[in-house]
Amino acid sequence: MTKEAIILAGGLGTRLRSVVKDVPKPMADINGKPFLEYLLLNLKKQGIEKVILSVGYMYEIIKNYFGNSFLNMKILYSIEDKPLGTGGGIRKSLSFVESEDVFIINGDTIFDIDLSALFSFHKKKKSALTLALKSMKRFSRYGSVELNKQGRIIGFKEKGYHKSGLVNGGIYVLAKEVLEDFKIEKPFSFEKDFLEVYYTILPFFGMSFENYFVDIGIPEDYEKFKKDAIALNFLT
């Protein structure tokens, strides 16, 4: 399994401003520790040795806190001088990646899955991009992802009420060369301009998990994770 991960930590956190101020969203306080620390600890437990933080907005706060290593993981910073979008940020970060494949993780979500299982599935399917998907019931905050019987992505449904479905859990395995060869030059969204456009051309797959998932992008779930982090002992 690759030992490298890119974390998207450059978001402005606009929807969270009412409860999280003066810090980038991944540094939102969770019981005295920044959210990003919980995320990094989870990666450490699963054998990740190098993390590239894709940063922009107020990145100095992140760098001053974590420095160049955390829990013996090497920390590198891919700094956006101007907003590149999630896609542009990932592509810039790939210059630090040595492996053929790399994990990509949203900096405002925790999806407590087995990364080695996701990676094995990715390689078995000879996938260009593999998504970790969360099985959900009765939701409207997210769109959903449709798979065929082999696990290949065949469609996306827009946000709206869904009785059940598979939600993008914010963890990917990417074959590095795929995005390096992507020719768009303007800032672009990894999801909207790459994933949801090229799934018909490239072999993109998804793997479903039932594990704990949280996205702190809205105040309600930010407060929920504060309670969950204690109940589930996330720092142990």
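Start by selecting threonine 2: at 6% relative accessibility, this residue counts as buried, because the cut-off for buried is under 20%. Keep in mind as you click around that you're looking at a predicted model.

**Stop 1: around threonine 2**

Threonine 2 sits in the segment before β1, the strand that covers 4-8. Show its side chain and look for two polar partners. One is the backbone nitrogen of glutamate 4, which the threonine 2 side chain reaches at 3.3 Å. The other is the side chain of serine 99, in a polar contact with the side chain of threonine 2 at 3.3 Å. Now bring up the rest of the surroundings: leaving out residues up to four places away in sequence, threonine 2 touches Ile48, Ser99, Asp101, Val102, Phe103 and Phe119.

**Stop 2: the largest nonpolar core**

Next, select Ile7, Leu40, Val51, Leu53, Ile62 and Phe225. These are the residues with the most contacts inside the largest nonpolar core, which has 48 residues. Which helix gives the most to this core? Color residues 35-45 and you have it: helix α1, with six residues. As background, nonpolar side chains in soluble globular proteins tend to be buried together.

Zoom in on isoleucine 62. Ignoring neighbours within four places in sequence, isoleucine 62 is in contact with Ala9, Pro24, Met27, Leu36, Leu53, Val55, Gly67 and Tyr77.

**Stop 3: where α1 meets α2**

What is the handedness of the crossing as α1 passes α2? It's a right-handed crossing.

For the residues involved, show Leu36, Glu37 and Leu40 on the α1 side, which meet Ile62, Tyr65 and Phe66 on the α2 side.

**Stop 4: lysine 163**

Finish with lysine 163, in strand β12, which spans residues 162-175. Buried or exposed? At 66% relative accessibility, lysine 163 counts as exposed, since the cut-off for exposed is over 50%. Leaving aside neighbours within four places in sequence, the contacts of lysine 163 are Lys137 and Arg138. Then try a distance label from lysine 163 to phenylalanine 139: they are 24 residues apart in sequence, and 6.8 Å apart in space from C-alpha to C-alpha.

Conventions:
Residues numbered from 1 in each chain as written. Predicted model: local features only at pLDDT ≥ 70, side-chain atom pairs only at ≥ 80, totals over all residues. Heavy atoms only, no water. Core = buried A, V, L, I, M, F, W, Y, C linked by side-chain atoms within 4.5 Å. Buried < 20%, exposed > 50% of the residue type's maximum accessible area, 1.4 Å probe, protein only. Helix = DSSP H or I, 4+ residues; strand = E, 2+ residues; numbered from the N terminus. Contact = heavy atoms within 4.5 Å. Polar contact = N/O pair within 3.5 Å; in protein donor to acceptor, adjacent residues only side chain to side chain. Left-handed = near helix turned anticlockwise from the far one by under 90°.
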